[in-house]
Amino acid sequence: MKYNRIKNDLIKKPQTWLVTGVAGFIGSNLAERLLKLNQKVISLDNFSTGHIYNLEHIKNSVTPKEWENFTFVEGDITDFETCQKITKNVDIVLHQAALGSVPRSIDNPILTNHSNVTGFLNILTASKDNGVKRFVYASSSSVYGDSEELPKVEMRTGNLLSPYAVTKYVNELYMGVFQKCYGMEAIGLRYFNVFGKRQDPNGAYAAVIPKWIGQILNGEDVFINGDGETSRDFTYIENVIQANILAGTTENPKAFGEAFNTAIGGRETLNNLYSAIVNGLKENLPKLEIKEAIYRDFREGDIRHSNANIDKIQELLEYQPTHSLEQGLKESIAWYINDIKREK
């Protein structure tokens, strides 16, 4: 498996990586893995959606020697001067900083655009100016819009359904232009419903898996949008880490300027997901009282079904998902239960 070979190579040949959005769910997991691979990690976050305790989680998950390779800068990607400073002497950028959530973008499209378009262009331009070798960034399955084709293939998208989707599509356009105009080795990863440890279960814009786990553990009502037959390609964080590292190190020139579906390549309905979470929690906590889910209206801006074709990322980046939805849920549930114990 190429991923295992790459990890072994990285341990022997440390490089300098910049991880934006490091205090967030995906960014903190990426930084932790890179540190464990003997890499130097420079990181940036403004804590608009990330949490300082995620940095503590990273510190507690690595050795003191590995932690010495971690540098954190509090700052905002919408400030170009900050982007210029943070990208100096960096080999590879993993750009995760963004304002996520379709509903949030509908509530506040200007703020979403400022972070996801202006901020993206700032960090992309600064990376170009400072000669960064590789620029990998988080795109989204939301760019498929109302396309009903399943599975989703990169070259065919539909009409966009939210300001958030527009910002991610603009990111891809800029990436392609910078590759053509400046020869940048830029790669986009279209994330499909990523979940795993450190994903925030709280707040109005929390993702469904951590939100449901948190609500059930706290004895709160759980709501399912629509009839529960909406389906998603839920993707465990370990698969996303693999995709970022492969994109950051690939020597395949056909990958540059491209966007790749980053997923498992399957799909599950919300109803089945809820049942799987309930069963997983019962296995760990047999005495846990669990309420029946409450159904409510469909959520504005949501697509009905999402399922990724991962042929392209498998061919050009040699990506091979290591964790199924079931494996990911098992690890996630165990982490959230332990996290609650740690808080107590």
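Q: In which helix of this predicted model is Leu34 found, and is Leu34 buried or exposed?
A: This is a predicted model, and in it Leu34 is found in helix 2. Its relative accessibility is 1%, and a residue counts as buried when this value is under 20%. Leu34 is therefore buried.

Q: With which residues is Leu34 in contact, leaving aside its neighbours within four places in sequence?
A: Contact here means that heavy atoms lie within 4.5 Å. Once the neighbours within four places in sequence are set aside, the partners of Leu34 are Trp17, Val19, Gln39, Val41, Leu94 and Ile245.

Q: Where does Asn38 lie, and is Asn38 buried, partly exposed or exposed?
A: Asn38 belongs to the loop between helix 2 and strand 2, and its phi is near 70°, which is a positive value in a residue other than glycine. Its relative accessible area is 31%, whereas buried would require under 20% and exposed over 50%. Asn38, in the loop between helix 2 and strand 2, is therefore partly exposed.

Q: Which residue of strand 3 is the bridge partner of Ser43?
A: Strand 2 pairs with strand 3 (residues 70-74) in the parallel sense, and five bridges hold this pairing. Along it, Asp45 stands opposite Glu74 in strand 3. For Ser43, the bridge partner in strand 3 is Phe72.

Q: Which strands are at the edges of the open sheet?
A: Seven strands form the open sheet with parallel pairing, and their order is 3-2-1-4-5-6-11. An edge strand pairs on one side only, and this holds for the two strands at the ends of that order. The edge strands are strand 3 and strand 11 (258-262).

Q: Are helix 9 and helix 11 parallel, perpendicular or oblique to each other?
A: Helix 9 (residues 208-217) packs against helix 11 (residues 270-284) with the axes 11 Å apart and at an angle of about 45°. Helix 9 passes helix 11 in a right-handed crossing, and the contact includes Trp212 and Ile216 of helix 9 and Tyr274 and Ile277 of helix 11. Roughly parallel would need an angle under 35 degrees, and roughly perpendicular one of 65 to 115. The two helices are therefore oblique.

Q: Is Ser101 buried or exposed?
A: Ser101 has its place in the loop between strand 4 (92-95) and helix 6 (102-107), and its phi is positive, at about 85°, although Ser101 is not a glycine. Its relative accessible area is 17%, and the limit for a buried residue is under 20%. Ser101 is therefore buried.

Q: What is the form of the peptide bond from Leu150 to Pro151?
A: Pro151 has its place in the loop between strand 5 (134-140) and helix 8 (163-182). The omega of the bond from Leu150 to Pro151 is near -10°, and the form of this peptide bond is cis.

Conventions: Residues are numbered from 1 along each chain as its sequence is written. This is a predicted model: local features need pLDDT of at least 70, side-chain atom pairs count only at pLDDT 80 or more; totals for chains, interfaces and linings use all residues. Side-chain values use heavy atoms; hydrogens and water are left out. Two strands pair if DSSP finds at least two bridges between them. Helices (H or I, at least four residues) and strands (E, at least two) are DSSP runs, numbered from the N terminus. Axes are lines fitted to C-alpha atoms, for helices over the stretch in contact, and angles run from 0 to 180 degrees between N-to-C directions. Angles under 35 degrees count as roughly parallel, over 145 as roughly antiparallel, 65 to 115 as roughly perpendicular and the rest as oblique. A crossing is left-handed if the near helix is turned anticlockwise from the far one by less than a right angle, and right-handed if clockwise. Buried means under 20% relative accessible area, exposed over 50%, partly exposed in between (1.4 Å probe, protein chains only).
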